[in-house]
Amino acid sequence: MPEYYEIIIKGHLDPYWSEWFEGLKLTQREEDQTVLSGMLPDQAALHGLLEHIRDLNLTLISVNTGGSSKQDRG
């Protein structure tokens with residue numbers, strides 16, 4: 001069942017990376033962080049995404065699920 005996720009990584013990623021990250025929305029924060037947010041179809045997709053983050057040698061700050069506005073889930 002699809003689930004909404006917010007994944008925070010250290011550093012700023014250019015928005016063109018969105019396709020590489022399962023089409024998630026990329027939002028840059030002033031604190032030198034990027035938030036990847038959106039729906040993932042299942043746990044396998046989440047694990048694949050986390051592997052991409054690892055393979056790019058990005059620093060993972062947090063992974064959160066649920067608790068989004070309906071607009072983001074649309």
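How many salt bridges does a search of the whole structure find? The search finds one, where a salt bridge is a side-chain nitrogen of Lys or Arg within 4 Å of a carboxyl oxygen of Asp or Glu. The partners are arginine 54 and aspartate 55, with 2.9 Å from N to O. In general, side chains of opposite charge can pair when their charged atoms come close.

This is a predicted model: local features need pLDDT of at least 70, side-chain atom pairs count only at pLDDT 80 or more, and totals for chains, interfaces and linings use all residues. Residues are numbered from 1 along each chain as its sequence is written, and side-chain values use heavy atoms, with hydrogens and water left out.

Both partners of the bridge are listed here with their relative accessible areas (buried is under 20%, exposed over 50%, partly exposed in between; 1.4 Å probe, protein chains only).

| Residue | Relative accessible area | State |
|---|---|---|
| Arginine 54 | 55% | exposed |
| Aspartate 55 | 53% | exposed |

The protein chain has two helices and four strands, which are DSSP runs (helices H or I, at least four residues; strands E, at least two) numbered from the N terminus. Their order is β-β-β-α-β-α. Of the 74 residues in the chain, 31% are buried.

The largest nonpolar core has 13 residues; such a core is a set of buried Ala, Val, Leu, Ile, Met, Phe, Trp, Tyr and Cys residues joined through side-chain atoms within 4.5 Å. Among those touching the most other members are Ile7, Ile9 and Phe21. At least two core residues come from each of β1 (3–10), β3 (33–40) and α1 (43–55), and α1 gives the largest share, four residues.
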